[in-house]
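This report describes one protein chain for a reader who is new to structural analysis. Please keep the sequence and the structure in view while reading.

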Amino acid sequence: MRGLLRAVAWIVLLGLVALAAFILVPEQRTPPQTNPLAAGWQPAADAPLYAARLADCAACHTAEGGKPFAGGRPIQSPFGPIYATNITPDPETGIGGMTLDEFRAVLYDGIGRKGENLYPAMPYANYRTLTEADVQSLYAYFMHQVLPVRNEVPRTALAFPFNQRWGIRAWKWVGLPAAGFTPRFNDPKLDRGAYLVEGPGHCGACHSPRNAFFAQDGYTSKDPSFLSGGLVGGWTAPDLRTVGNAIAGWSAQDLDLFLATGRNAHAGVTGEMELAIAHSLQYMSAEDRAAMVAYLRAIGPAPGTPPSAPKRVVARAATFGGPDATATEKLLASADPAMPLGARLYLDNCGACHFVDGKGADGIFPALDGNALVTAPGTAGLITTILKGAALPSTALRPYAVAMPGFAGRLSDEEVAALATFVRGAWHNRAGAIAPADVRAIRGAAGGGLDASSLY
């Protein structure tokens with residue numbers, strides 16, 4: 001019996017020692033990846049700013065109304081708010097004095113300068129593909145081109161056990177892909193597009209589902225789930241890849257225009273994607289946008305693949321209520337006094353901009369017929385847009401910002417639900433109903449911050 005107890009004690013002791021080593025022994029850091037640089041290499045004059053825009057650092061690290069990159073923006077997670085850090089070169093509250101090796105460890109491994117594990121709200125799982133040239137360009141930008149701002153951001157204080165950052169180290173074993181980017185298309189344009197989408201653009205962080213470990217389900221186009229759609233705080237980040245996806249009916253020119261301006265004949269940007277357009281995608285070179293477009297179209301369904309859903313109709317009917325009109329158009333054009341509540345609310349509040357055919361006006365008022373936000377499984381995006389309104393960003397190619405007013409003060413929960421249910425089933429849309437309780441929950445939710453609920 002004593003021998004058995006002694007063996008158990010040794011096992012427990014060894015387990016405690018192993019746990020202590022796991023917690024206390026520093027992680028091994030990933031070395032520089034792809035395309036080794038010559039000694040003394042320096043980025044071109046415009047490369048640092050361009051690299052920061054590609055990586056969309058401002059979207060998270062600039063708080064609403066705050067100084068650029070001074071942090072403080074709350075990123076909402078299922079476990080509590082995670083506050084984006086100050087990444088200006090302020091020596092006390094920012095990253096002033098951080099070495100290149102420490103900076104690289106943040107991007108590749110999610111390791112802070114004090115050795116702490118960073119929450120995966122920071123998309124280091126995607127940044128692991130960054131070339132050494134882009135890493136050093138980013139380092140040069142934040143150390144030498146960003147103004148230092150003294151700003152002590154709120155401390156992230158999640159409840160137990162999520163405040164135990166050593167647990168993130170275990171998550172990394174199953175949540176992080178191999179480091180580095182390997183060209184695989186034998187086409188420089190497609191390989192550049194793959195690098196931008198999979199790496200600095202970190203598109204998969206929102207547009208891919210999560211697995212059982214809350215890690216991104218697939219990091220490259222070799223994984224079938226990659227870019228097949230995700231859920232961020234109830235907002236659906238649409239499927240960009242499978243049959244019948246959100247951009248299946250778009251031309252290359254449509255997609256390029258959306259990346260550059262956040263609008264085209266089919267859709268207008270909403271939610272967190274508005275930040276990506278405003279801070280990042282609008283600044284990409286025409287060549288890089290073309291590479292992204294080519295890549296996204298290359299990994300989608302083969303040309304001519306039959307859609308899994310009814311084909312979206314884009315062309316406007318010749319006359320409202322005419323023989324080519326949908327049943328919805330005929331209903332809205334009828335002025336029937338017994339018109340259902342949702343249809344009447346649409347005419348009163350939406351029809352002047354989006355029209356009775358739901359097609360809106362190209363590049364100004366987004367189409368609602370076939371709109372991925374309208375028909376998405378997650379309804380928070382549509383409800384929030386009706387309640388709070390939305391605005392298309394001002395960009396270099398489209399400098400005018402077009403805003404939709406919010407209707408929270410005008411419509412009750414029951415009326416918003418009726419309106420949303422109507423547009424989800426109108427024209428060629430075939431999505432389910434929305435209940436007043438769904439509206440009530442969103443109306444009463446606290447606002448502010450990026451919602452990264454699907455990132456964990």
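## Terms and overall make-up

Helices (H or I, at least four residues) and strands (E, at least two) are DSSP runs, numbered from the N terminus. The model is predicted, and local features need pLDDT of at least 70, side-chain atom pairs count only at pLDDT 80 or more, and totals for chains, interfaces and linings use all residues. Residues are numbered from 1 along each chain as its sequence is written, and side-chain values use heavy atoms, with hydrogens and water left out.

The secondary structure of the chain amounts to 19 helices and seven strands. Of its 456 residues, 47% count as buried; buried means under 20% relative accessible area, exposed over 50%, and partly exposed in between (1.4 Å probe, protein chains only). The chain exposes about 21900 Å², of which carbon and sulfur atoms supply 61%; such areas come from the Shrake-Rupley method with a 1.4 Å probe, and for residues only the protein chains shown count as cover. A contact means heavy atoms within 4.5 Å. Among contacts between residues at least 6 apart in sequence, 65% join residues at least 24 apart.

## Val423 in helix α18

Val423 is found in helix α18, which spans residues 413-425. Val423 counts as buried because its relative accessibility is 4%. Leaving out residues up to four places away in sequence, Val423 touches Tyr346, Leu368, Val374, Leu382 and Asn429.

Strand β1 runs antiparallel to strand β2 (residues 80-83), and four bridges join them. Two strands pair if DSSP finds at least two bridges between them. The bridge partner of Gln76 in β2 is Pro81. With two residues between them, β1 and β2 form a hairpin.

## Aromatic pairs

Rings of Phe, Tyr and Trp (its six-membered ring) pair if their centres lie within 6.5 Å; planes under 30 degrees apart count as stacked, over 60 as edge-to-face and the rest as tilted. By this rule there are eleven aromatic pairs. The rings of Phe69 and Phe142 have centres 5.2 Å apart and planes at 90°, so this pair is edge-to-face. Phe69 lies in the loop between α3 (57-61) and β1, and Phe142 in helix α6, so the pair ties together parts that are 73 residues apart in sequence. Phe69 is buried at a relative accessible area of 9%, and Phe142 is buried at 3%.

The rings of Phe103 and Tyr139 are also edge-to-face, because their centres are 5.5 Å apart and their planes are at 65°. This pair links Phe103 in helix α4 (residues 100-109) with Tyr139 in helix α6, 36 residues apart. Both Phe103 and Tyr139 are buried. Phe69, Tyr141 and Phe142 form one aromatic cluster.

## Arg184 and its surroundings

Arg184 lies in the loop between α7 and α8. Arg184 counts as partly exposed because its relative accessibility is 27%. Beyond its neighbours within four places in sequence, Arg184 is in contact with several residues, including Asp191, Glu198, Ser221 and Tyr295.

The side chain of Arg184 makes a polar contact of 2.9 Å with the side chain of Ser221. A polar contact is a pair of N or O atoms within 3.5 Å; within protein, one must be able to donate a hydrogen and the other to accept it, and residues adjacent in sequence count only if both atoms are side-chain atoms.

## Backbone features in loops

The peptide bond from Phe160 to Pro161 is cis, with omega near 5°. Pro161 lies in the loop between α6 (132-144) and α7 (166-175).

His202 lies in the loop between α8 (188-198) and α9 (204-207), and it counts as buried at 16% relative accessibility.
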